[in-house]
Amino acid sequence: MRFSVLASGSTGNAIYVATDRVSVLIDVGITGKQAEAALQTIGVNPGDLSAILVTHEHVDHIKGVGVMARRYGLPIYANAKTWGELDSQIGTIKEEQRRLFAVGEKQELEDLGIESFGISHDAAEPMGFCFYHGSKKLSVATDLGYVSDKIKETIRGADAYVFESNHDVELLRMSGYPWSIKKRILSDVGHLSNESAGEALIDCLGGGAERVYLAHLSKENNMIDLARLTVKGILEEKGLVVGDDVHLRDTYPDRPTKLEEL
């Protein structure tokens, strides 16, 4: 199984996951042109894509979904409540391209197993995904107000995680955001702070050299180095050695991560 975080942050999110038989995008929160460029950067022909999976309907996750689906004839997988919100945002989609993927469901696309799980966020019915190929597992969990025990149980045991580390609490509190926005981000249906990300990961990691991609960083209320150092400090306080027991990886709003294989 191969994957790359094509774009991640408050301005747009997209992830590529593939085996030798199938390749999917999780969200396309960047323009179609940006998605194509990111794929080409990692050596992937956009014409070889198989499907798009949608976590939820916020614009930073669906901006290019309609364009990519129409351009390449891709089926779109989303749950019923999310489809109810997508229809007014992504343009006309042919009936044969509309697929349902319910929360808590498991599906197989060729040799790629996919499991969805519910998350806490202010969207119609947001969800994350776990991907399985052979003995390998990739867990994708962003846009989390908090991480429930059920989510931890579902994503635990992965070889790699794409995990939200959205903001530094103090930077957010000192920011120029209106209080209503700050309250929303800090709420149980908002976004995960650096500290909360580190604490949640403690309950998921087994110290088997897992890779953790810190994702969905706020442009205004976080910094790559700050997110990494905060999470690193929390993990090492609990006895995990970063660089040995676990490997932290950065993600970027404007360029893809290296195509990695599990």
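Reply: UniProt, in an unreviewed entry, places the feature "domain: Metallo-beta-lactamase" at residues 11–216; its positions are given in the numbering used here, its feature names are shortened, and its annotations may be inferred rather than shown by experiment. The model is predicted, so local features need pLDDT of at least 70 and side-chain atom pairs count only at pLDDT 80 or more, while totals for chains, interfaces and linings use all residues. Residues are numbered from 1 along each chain as its sequence is written, and side-chain values use heavy atoms, with hydrogens and water left out.

An open sheet of seven strands has the order 7-8-9-10-11-12-13 with mixed pairing, where helices (H or I, at least four residues) and strands (E, at least two) are DSSP runs numbered from the N terminus, and two strands pair if DSSP finds at least two bridges between them. Its edges are strand 7 (106–109) and strand 13 (246–250), each pairing on one side only, and the twist averages 20° from one strand to the next. Within the sheet, strand 8 (residues 112–118) and strand 9 (residues 127–133) run antiparallel and are joined by six bridges; F117 has G128 in strand 9 as its bridge partner.

Helix 9 (residues 224–237) lies across strand 12 (210–215) and strand 13, running at about 165° to strand 13; contact means heavy atoms within 4.5 Å, and axes are lines fitted to C-alpha atoms, for helices over the stretch in contact, with angles from 0 to 180 degrees between N-to-C directions.
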